[in-house]
Amino acid sequence: MLVSATTPNDLRKMLYKQLESFFLLGEEERALIDSHIESALSKLEFSFSRTKNKYYHDESIVRFDPLHGCQWARFLYELSRSVYLSGESVSVCDKLYGLLKVMASADLFYQVELPDVFMFDHPLGAIMGRALYSNYFTFSQGCTVGNNNGVYPVFGESVFMLSNSKVIGSSQIGDNVIVAANCYIKDTDIPSGSFVFGESPHLTIKTGRLDQVREYAEKVFDYE
């Protein structure tokens, strides 16, 4: 069960206060957003229940704190994504997306399908493009996923992008991979169970590191 640090009414008040600080918002738009809040919270509960980060739990209860910047940014992404998938209003999606960028300085576009289970810490300056993502994905500040000549990367499960790393173009990233801080991968495949450092085309790829990656991963996520 997801427990919020605020009441549902206060959650809505805070959301609309923020939105109306930047955009005009009609009653129909407010009603549409209201109708998708539960869907967004459900997505949060599923993902947050699989993280071991102490700020996402209150003992055995999954916790959502709107004053936690990463949690609020994730809520705004899930809310805009839910409205987008309903096909009801692009303008509402754009306003939620705009608010997310203002509040978190991160670019998580509602048309980008991020996985059911993912995490980010300190996402300032991060841009997640239209790649194919898998569960247990993480990124941090300054990370970029983007295209080269219209081709985007494909990520396996349990990929960890450390600060200021970039994955661009026709890159297949295997399962259980750590992309080191400041690493730049362009049009390069990375095998599963690897650490990768440096910049394309002169990357250093340390293979056969599955045990070490899993040890790292299990400090972040609950795979049960």
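# Chatting through a predicted model

Me: Which strand gives the most to the lining of the largest cavity?
Reply: That's strand 5, which puts three residues into the lining. Keep in mind that this is a predicted model.

Me: OK, which residues line that largest cavity?
Reply: The lining is made of Phe48, Tyr56, Arg74, Phe118, Met119 and Phe120. By class, five are nonpolar, none is polar and one is charged.

Me: What's the volume of the largest cavity?
Reply: About 30 Å³. The count of cavities of 30 Å³ or more comes to one.

Me: And how much space lies in the largest pocket?
Reply: About 210 Å³. The pocket has 15 lining residues, and Asp121, Thr138, Phe160, Tyr216 and Val220 are the ones nearest its centre.

Me: Which elements give two or more residues to that pocket lining?
Reply: Strand 5 (118–120), strand 7 (137–139) and strand 10 (159–161) do.

Me: How do the pocket's lining residues divide by class?
Reply: You get eight nonpolar, five polar and two charged residues.

Me: Switching to helices. At what angle do helix 1 and helix 3 cross?
Reply: Roughly 80°, with the axes coming within 13 Å. Helix 1 covers residues 8–22 and helix 3 covers residues 69–86. The two helices are therefore roughly perpendicular to each other.

Me: Which residues meet there?
Reply: From helix 1 you have Leu11, Met14, Leu15 and Gln18, and they meet Trp72, Phe75, Leu76 and Leu79 from helix 3. In that contact, seven residues are nonpolar, one is polar and none is charged.

Me: What about helix 2, which strands does it lie across?
Reply: Helix 2 (residues 27–48) lies across strand 1, strand 2 and strand 3. Its direction is at about 125° to strand 3.

Me: In what order do those three strands sit in their sheet?
Reply: The order is 1-3-2, in an open sheet with mixed pairing. Strand 1 (2–4) and strand 2 (57–58) are at the edges with a single partner strand each, so one side of each has no neighbour in the sheet.

Me: Do strand 2 and strand 3 run parallel or antiparallel?
Reply: Antiparallel, with two bridges joining strand 2 to strand 3 (residues 61–64). There, His57 stands opposite Val62 in strand 3.

Me: Now strand 15. How many bridges join it to strand 13?
Reply: Three, and strand 13 (residues 177–179) runs parallel to strand 15 (residues 194–199).

Me: Last one: where does Asn148 lie?
Reply: In the loop between strand 8 (144–146) and strand 9 (154–155).

Me: What is Asn148 in contact with, leaving aside neighbours within four places in sequence?
Reply: Ile168, Gly169, Lys186 and Asp187.

Me: How many Å apart are Asn148 and Leu96?
Reply: C-alpha to C-alpha, they are 28 Å apart in space, and they are 52 residues apart in sequence.

How values were computed
Residues are numbered from 1 along each chain as its sequence is written. This is a predicted model: local features need pLDDT of at least 70, side-chain atom pairs count only at pLDDT 80 or more; totals for chains, interfaces and linings use all residues. Side-chain values use heavy atoms; hydrogens and water are left out. Axes are lines fitted to C-alpha atoms, for helices over the stretch in contact, and angles run from 0 to 180 degrees between N-to-C directions. Helices (H or I, at least four residues) and strands (E, at least two) are DSSP runs, numbered from the N terminus. Angles under 35 degrees count as roughly parallel, over 145 as roughly antiparallel, 65 to 115 as roughly perpendicular and the rest as oblique. Contact means heavy atoms within 4.5 Å. Ala, Val, Leu, Ile, Met, Phe, Trp, Tyr, Cys and Pro count as nonpolar, Asp, Glu, Lys and Arg as charged, and the others, Gly among them, as polar. On a 1 Å grid over the protein atoms alone, a cavity is a set of points where a 1.4 Å probe fits but cannot get out, and a pocket is an open set with protein on both sides within 12 Å along at least five of seven lines; lining residues have an atom within 4 Å of a point. Grid points are joined across faces, edges and corners, and a volume is the space filled by probe spheres set on the points. Two strands pair if DSSP finds at least two bridges between them.
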